Protein chains: 2
Amino acid sequence: MKTTQHSGAITFAKGFLASGVACGLKKNGKSDLAILYSESPASAAALFTKNQIKAAPVVLSSKRVASGSARAVVVNAGCANSCTGKKGMDDAQKMTNLVGHHLGLPEKEVLVASTGVIGRTLPMDKIASGIEAASRSLTVEGGEEAARAILTTDTFAKEFSTTIQLGGKAVRLGGMAKGSGMIHPNMATLLGFITTDAAISKDALRQALAQAVDRSFHCISIDGDTSTNDMVLALANGRAGNKTITGLSGDGAAFSQALTQVCQELARRVVLDGEGATKFIQVTVKGGPSFEAARAAAKAIATSNLFKTAMFGMDANWGRILSALGNAPVPINPAKVDVAFSNLTVAKDGSTVNFSEAKALGLLKRKEVEVHVDLHLGKFEATVFTSDLSYDYIKINASYRS
Amino acid sequence: MKTTQHSGAITFAKGFLASGVACGLKKNGKSDLAILYSESPASAAALFTKNQIKAAPVVLSSKRVASGSARAVVVNAGCANSCTGKKGMDDAQKMTNLVGHHLGLPEKEVLVASTGVIGRTLPMDKIASGIEAASRSLTVEGGEEAARAILTTDTFAKEFSTTIQLGGKAVRLGGMAKGSGMIHPNMATLLGFITTDAAISKDALRQALAQAVDRSFHCISIDGDTSTNDMVLALANGRAGNKTITGLSGDGAAFSQALTQVCQELARRVVLDGEGATKFIQVTVKGGPSFEAARAAAKAIATSNLFKTAMFGMDANWGRILSALGNAPVPINPAKVDVAFSNLTVAKDGSTVNFSEAKALGLLKRKEVEVHVDLHLGKFEATVFTSDLSYDYIKINASYRS
């Protein structure tokens, strides 16, 4: 029987506990520190930001996760502990040390993630009391509060879970994510945590996560900026009792597909909640000479400020789509490009066609907008998700620190 | 004696006439078609957009200017004649044909440039009557109206002129430009026209223009998008009577410097008038391993939406500067980077330092903001100019077509 539980999804899989507490990092008094815990040893895999400037928790967690196993993660919102020098590294380590102490784990089994303002050091007294409180309040029911505690300017928690059957065993996967600003593909992106009770080898988990992220978090863009703190982590503790997955075929393929789905649903929610977003925009490029080329072309459109403001203004200005495409880092043949909004063709062979502006406006008024581009250069297709660029994006980002 | 005449600068050099007329392309009835004419044969050099999608006038003019000479240019604003297929190419050619007819020039001596909405075809009846009127009204005094006719969402005309002495002869240079949206470095960028009465060979003019653009229009960014219509053109008719310049040393160096100055002043005005801009921001990166690396690092900062919105909000959020830098396509050493607003250091060795928020706010409240970054990786320095990202950028671009 398929069971899902989106709210509190991070503790949907067997053997995971979580908690979220307020320790004073957020000025509004909301929860700002979360701990995620596996009751038994777990395989761990993670992807991190490709920004050359990596926050202290990214540096520490990437070293530790190389072992392929972890038991707990501590996450704080409100302060990114980025560009904080040696003190930042010491603080990140201290956070894991405190969690290890309270949970009776070796510190190397604890990972850490932070999100928030860059360039400020953590108030370690608040963090220490937050860690103590969060360690004490770990429960199966704590997933929901954990998902809220990791948010910054997000307006809702992002959670998703699913169940698959492997050899007669129900295998559960659940995840939570945090997005809003600085979201751009080709990076591990934002914060994403996925837990599963699947039995899976370290290597297989690593491969499955890389594939899932490549088809989800790497296919979204909100503002073209990439954070110093991005991190996506998967923990698998084997409690489902399935035959251990060791590769990506057979059961591994089914698991990989489910993991991709969880990541896609989380990524989708991140775009829906993009800073100031009024629209969810799907840019699909087909006819590409390769998946990578199609994705690069779709990204060139999805990251164009002129395109994104036109979408906010519900303006069927397809010229901006073509122009953005012309700036893509992959060869196109301008004379072959077709553009459509949903099924309404607005340009053919790179040139203007007669179309109903009223119909176009009808499509662009929708909350979800579909842009379809055909390059006519091959068989590959890619979809990138983005949001529009609105007044509120400016408002939120003009005064984020204050 | 040094004479300058910024207003009407495009006809400041001897032997150039210009005109600007309204032919109905702009809804507000303002001038929208300009002709620029050299009374005698002129060397010509130009740079064009690197967008893979090139508007019809770009395709035509780039073919023609390869000969190294031209006598006239016709420019229209309000319709870009881009993504317009075969009809667009025919229309562009027809425009030069009409100008040649009215001025008694072979059509191959006439270049064409267009700016405005992409994907619409030119109303050729209006264009034809505009060309006829503009051909009839060419005068030395027409430079000022020509500079206004090439504008779109610009709020003021961009003009600059200067005079240099070469072997006892006064050599004049003047230019006009059109900017506002879709302004991004590494492209010939927007529309820029420079006239000079210098005697200079085709090759030397080409070299001098390439160098000038590399240090001016290639160092500015407003929204990271690059138009399909960008073009910078220089015409030199030799009327000054100086000894013909054949290279970039001696007189050639002085000429090249003056041309660079004209291009820089025009580029500066383009940024000042960036769509919705409230601030002129100078990002200087020093300590780069090469000029190109320093410029790439400066561009990474100057094109970050998060950085640009923080500047609009006068928020000393230097973490966004470091984060943007970390996304640059050149290697940096995060632990070595220093950041300052004017002379106020806000980060050292990639990490937070104590600084006066009040002082920072004072600097960020200014109309002109200076960001200084030291990579400590070498001896090279580059400066990129940009604007902030404001509510008005969204407003202007959300409904540009209507």
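**Entry 1: two loop residues in chain B**

I opened with B:Met314, which sits in the loop between helix H8 (305-312) and helix H9 (318-326) of chain B. I am working from a predicted model, so I keep that in mind throughout. The phi angle of B:Met314 is near 50°, a positive value in a residue other than glycine. Is B:Met314 buried or exposed? I found 20 C-beta neighbours inside 10 Å, so B:Met314 counts as buried; the cut-off for that word is 20 or more.

Next I looked up B:Cys83, in the loop between S3 and H2 of chain B. Here phi is near 60°, again positive in a residue that is not glycine. B:Cys83 has 30 C-beta neighbours inside 10 Å and therefore counts as buried.

**Entry 2: B:Gly8**

I then went to the segment before strand S1 (16-21) of chain B, where B:Gly8 lies. With 22 other C-beta atoms within 10 Å, B:Gly8 is buried. Which residues does B:Gly8 touch, not counting those up to four places away in sequence? I noted B:Glu141, B:Gly143 and B:Glu144. I also checked B:Gly8 against B:Val330: they are 322 residues apart in sequence, and their C-alpha atoms are 42 Å apart in space.

**Entry 3: what covers H1 of chain B**

Helix H1 of chain B runs over residues 56-65, and I listed its buried residues as B:Ala56, B:Pro57, B:Val58, B:Leu60, B:Ser61 and B:Val65. For reading such a list, I remind myself that an α-helix has 3.6 residues a turn, so residues three or four places apart point the same way. The cover over the buried residues of H1(B) includes strands S2 (33-48), S3 (69-79), S4 (110-117) and S9 (231-236), along with helix H2 (85-103), of chain B.

Over to chain A. The domain assignment gives domain 1 (9-272) and domain 2 (280-398). Taken over C-alpha atoms, the centres of these two domains of chain A are separated by 32 Å.

I picked A:Asn76, whose place is in strand S3 (residues 69-79) of chain A. It has 28 C-beta neighbours inside 10 Å and so counts as buried. Leaving aside neighbours within four places in sequence, A:Asn76 is in contact with A:Leu25, A:Asp32, A:Leu33, A:Ser114 and A:Ile127. I also looked up A:Met95, 19 residues from A:Asn76 along the chain; their C-alpha atoms are separated by 9.9 Å.

**Entry 4: H5 against H6 in chain A**

How do helix H5 (residues 202-214) and helix H6 (residues 251-272) of chain A cross? Their axes come within 8 Å, at an angle of roughly 45°. H5(A) and H6(A) are therefore oblique to each other, and the crossing is right-handed. On the H5(A) side I wrote down A:Ala204, A:Ala208, A:Leu209, A:Gln211, A:Ala212 and A:Val213; they meet A:Gly252, A:Phe255, A:Ser256, A:Leu259, A:Thr260 and A:Cys263 of H6(A).

How many residues of H9(A) are buried? I counted 9 of its 9 residues, so I call the helix mostly covered. Among them are A:Trp318, A:Gly319, A:Arg320 and A:Ser323. What covers the buried residues of H9(A) includes helix H7 (291-302), H8, strand S11 (338-341), strand S12 (344-348) and strand S14 (368-374) of chain A, together with S4 of chain B.

I took the two helix partners in turn. The axes of helix H8 (residues 305-312) and helix H9 (residues 318-326) of chain A come within 9 Å and cross at roughly 160°. That makes H8(A) roughly antiparallel to H9(A), with a left-handed crossing. The contact is made by A:Leu306, A:Phe307 and A:Ala310 of H8(A) with A:Arg320, A:Ile321 and A:Ala324 of H9(A). I sorted the contact of H8(A) with H9(A) into 5 nonpolar, no polar and 1 charged residues.

For H7(A) and H9(A), the axes come within 8 Å and cross at roughly 125°. This makes H7(A) oblique to H9(A), and H7(A) passes H9(A) in a right-handed crossing. A:Ala297, A:Ala300 and A:Ile301 in H7(A) meet A:Ile321, A:Ala324 and A:Leu325 in H9(A). The contact of H7(A) with H9(A) divides into 6 nonpolar, no polar and no charged residues.

Key:
Residues are numbered from 1 along each chain as its sequence is written. Chains are lettered from A and ligands numbered from 1 in the order in which they are written. This is a predicted model: local features need pLDDT of at least 70, side-chain atom pairs count only at pLDDT 80 or more; totals for chains, interfaces and linings use all residues. Domain bounds come from an automatic or database domain assignment. Helices (H or I, at least four residues) and strands (E, at least two) are DSSP runs, numbered from the N terminus. A residue is buried if 20 or more other C-beta atoms lie within 10 Å of its own, exposed if 12 or fewer, and partly exposed in between; C-beta atoms are placed from the backbone. Two residues are in contact if their C-beta atoms, placed from the backbone, lie within 7 Å. Axes are lines fitted to C-alpha atoms, for helices over the stretch in contact, and angles run from 0 to 180 degrees between N-to-C directions. Angles under 35 degrees count as roughly parallel, over 145 as roughly antiparallel, 65 to 115 as roughly perpendicular and the rest as oblique. A crossing is left-handed if the near helix is turned anticlockwise from the far one by less than a right angle, and right-handed if clockwise. Ala, Val, Leu, Ile, Met, Phe, Trp, Tyr, Cys and Pro count as nonpolar, Asp, Glu, Lys and Arg as charged, and the others, Gly among them, as polar.
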